[in-house]
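Please look over the sequence and the model shown below before reading on. The report after it is meant for a reader new to this structure.

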Amino acid sequence: MNERIIKILIEGFGKIMLASIKVTIPLTVIGFACAFVIALVMAMVQYTKVPVLRQIARFYIWIFRGTPLLVQLFLAYYGLPKLGIVLDAFPCAVIVFSLNEGAYCAETMRSALEAVPEGQFEAGYCVGMNYLQIMFHVVLPQALRTAFPPLSNSLIAMLKDTSLAAEITVADMFMSAQKIVGRTYEPLWLYSEVALVYLMYSTILTVIQRICEKKLSSYNSRETSVKKEAKA
Amino acid sequence: MSMIDIRNVKKTFGGTEVLKGIDLTVEKGDVVAILGPSGSGKTTFLRCINFLEKADEGTMTFDGQTYDLGHIRHRDIAAIRKKTAFVFQNYNLFANKTALQNVMLGLQVARHVPKAEAQKIGMAMLEKVGLSDRADHYPIQLSGGQQQRVAIARALATNPEIIFFDEPTSALDPELIGEVLAVMKQLASDGMTMLVVTHEMNFARNVSNKILFMDNGYVLEHASSKEFFENPKEERTKEFLRNISSQHDA
């Protein structure tokens with residue numbers, strides 16, 4: 001590694017970080033937040049067996065899980081203008097990522113809801129609560145706990161998948177790396193550098209996941225009570 | 001006037017008639033033990049009269065109001081459930097709530113009781129079942145017997161007119177059965193009206209005052225518990241009691 005490369009890497013790091021803060025992180029956060037809301041609604045209408053909406057949910061999941069993300073991005077950005085729908089690159093990416101990720105997360109949420117024992121509902125009805133009250137106070141919190149690890153997994157996968165947005169001209173951190181490569185012809189160093197930045201972000205997410213899981217585990221671990229008693 | 005009068009409850013599951021016309025009358029303060037061999041329809045009957053299963057036909061008169069069990073409205077179900085409580089074989093405590101929260105939830109959410117008051121009632125009910133020191137424990141951190149006692153506290157919290165028990169001790173270790181039965185016995189002596197599906201013959205004989213004996217979807221005997229154990233009328237009842245006592249001798 002000579003001085004030139006060190007200089008390129010230092011300059012590249014600044015640009016990549018800037019792009020990550022301006023584009024990659026917002027795209028991931030907004031996209032995943034929307035995906036989560038979509039997933040909740042899609043999972044609930046299926047779980048509650050709402051007629052018509054349930055079929056719409058199945059259809060949506062079938063389409064978005066069954067076609068490649070990159071093709072969806074191209075279709076939305078390069079294809080839709082032919083129908084008169086013109087979107088800027090960033091909002092277009094947000095929409096496609098939300099819908100794509102929402103389809104996967106909907107299945108995660110549905111399976112988590114179905115894993116909550118029927119007896120929780122029966123007990124809820126017997127203390128006088130209605131369906132929505134039981135859902136909100138008892139079933140959904142348990143399902144979210146079950147879904148938390150696979151949802152975190154999806155979030156980390158999505159963070160990395162945002163690099164595909166560069167293909168529809170979104171100036172994310174991968175595109176900023178590509179630009180520097182185009183100028184300096186140092187693909188090995190710069191793509192390694194951008195890979196490390198992705199790794200850094202996913203490591204942060206993994207650590208956050210671990211901390212949250214610990215906090216959430218209180219009601220399905222015997223440990224807490226033993227600890228409490230030992231302290232007392 | 002009786003508190004609850006149930007007539008001709010019928011229920012079919014996939015072509016099999018499980019309940020073939022069950023009648024039951026409950027007076028205030030009664031402790032009715034529902035006995036019978038496995039598959040006789042005891043649990044289904046209990047679930048039908050609390051609408052966890054929908055009966056095909058039958059009527060129920062509760063506090064002077066008569067309901068058609070085959071065509072009951074949601075509003076009526078909700079109204080009846082606010083006057084009753086149910087204790088399950090496998091406890092069914094809310095897994096994401098502590099013991100105290102389990103007891104409070106029906107008050108706070110379904111009846112809009114303010115938190116401080118719900119908490120006070122909740123602690124009093126846990127006290128009653130001897131578990132006030134476990135208020136902050138989650139269900140998984142409690143033994144089966146403790147979970148069932150929390151479930152009983154939860155049932156008591158909403159001040160029901162009657163509590164339905166569906167084999168409350170069947171899932172418990174023999175050692176833990178006693179603590180649950182002791183709580184139920186206390187309730188009975190406090191005058192709580194109870195309907196108990198059970199295999200605990202000592203409870204049926206010593207605590208309950210009435211027996212409903214079911215076999216194959218029919219009621220074979222509906223008698224006082226003294227009469228049932230000392231002077232059973234039906235041959236099938238005698239056979240059932242013989243089998244049970246031979247089990248005890250073995």
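Predicted model: local features only at pLDDT ≥ 70, side-chain atom pairs only at ≥ 80, totals over all residues.

Residues are numbered from 1 along each chain as its sequence is written, and chains are lettered from A and ligands numbered from 1 in the order in which they are written.

In chain A, helix α1 (residues 3-47) packs against helix α8 (residues 187-216), helices being DSSP runs of H or I with at least four residues, and strands runs of E with at least two, numbered from the N terminus. Their axes, which are lines fitted to C-alpha atoms over the stretch in contact, with angles from 0 to 180 degrees between N-to-C directions, give the values in the table.

| Property of α1(A) and α8(A) | Value |
|---|---|
| Angle | about 40 degrees |
| Axis separation | 10 Å |

The two helices α1(A) and α8(A) are therefore oblique to each other, the class left once angles under 35 degrees (roughly parallel), over 145 (roughly antiparallel) and 65 to 115 (roughly perpendicular) are set aside.

Chain B is assigned domain 1 (1-83 + 173-250) and domain 2 (93-160), with bounds from an automatic or database domain assignment. The C-alpha centres of these two domains of chain B lie 25 Å apart.

B:T198 lies in the loop between β8 (193-197) and α7 (201-206) of chain B. B:T198 counts as buried because 22 C-beta neighbours lie inside 10 Å, where buried means 20 or more other C-beta atoms within 10 Å, exposed 12 or fewer, and partly exposed in between, with C-beta atoms placed from the backbone.
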